[in-house]
Amino acid sequence: MTELRCSQCDYVAFFPSQLAGHMAIHTRCFDAARDMRRIPRRDQTQRALNEQLLDLANVANRLGLYDAATFIRDRLSNSG
Ligand SMILES: [Zn+2]
């Protein structure tokens, strides 16, 4: 029997339909290589560093990177 492996995690399926069903869960997950191409480039901002970091935390939330967003916000609130 041929093993079908997920290209994004360690999942192994035995039927094509099984793999397709599994792969559907990844389309809603952040994938840097896939998603970076869709994010528009911007010129350098003049906003202050703490404002940039808050913007970055919002972007992280949008991408589902909740732990990263929380980390940035925690650091900002601890740095006064
Ligand atoms: Zn997978």
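The domain assignment, with bounds from an automatic or database source, divides the chain into domain 1 (1–29) and domain 2 (42–80). The centres of domain 1 and domain 2, taken over C-alpha atoms, are separated by 33 Å. The model is predicted: local features need pLDDT of at least 70 and side-chain atom pairs count only at pLDDT 80 or more, while totals for chains, interfaces and linings use all residues. Residues are numbered from 1 along each chain as its sequence is written.

The overall dimensions of the chain were computed from C-alpha atoms. The radius of gyration of the chain is 18 Å, whereas a compact globule of 80 residues would have a value near 12 Å; the radius is taken over C-alpha atoms, and the globule rule is 2.2 Å times the number of residues to the power 0.38. Along the principal axes, the C-alpha atoms fill a box of roughly 60 × 30 × 15 Å. Of the 80 residues, 2% are buried (20 or more other C-beta atoms within 10 Å of the residue's own; exposed means 12 or fewer, partly exposed in between, with C-beta atoms placed from the backbone). Among contacts with a separation of 6 or more, 15% join residues 24 or more positions apart, a contact being a pair of residues whose C-beta atoms, placed from the backbone, lie within 7 Å.

The secondary structure consists of 4 helices and 2 strands, in the order β-β-α-α-α-α from the N terminus. These elements are DSSP runs numbered from the N terminus, with helices being H or I of at least four residues and strands being E of at least two. Helix α3 (residues 49–62) has 14 residues and should span 20 Å at 1.5 Å a residue, which agrees with the 20 Å between its end C-alpha atoms; the expected span is 1.5 Å times one less than the number of residues. Just after α3, glycine 64 adopts a positive phi of about 85°.

Two residues were examined individually. Phenylalanine 15 is located in the loop between β2 (12–13) and α1. This residue counts as exposed because 11 C-beta neighbours lie inside 10 Å. Phenylalanine 15 is 11 residues from leucine 4 in sequence, and their C-alpha atoms are 7.2 Å apart. Methionine 23 belongs to helix α1 (residues 16–23). With 16 other C-beta atoms within 10 Å, methionine 23 is partly exposed. Between methionine 23 and cysteine 9 the sequence separation is 14 residues and the C-alpha to C-alpha distance is 9.6 Å.

How values were computed
Contact = placed C-beta atoms within 7 Å.
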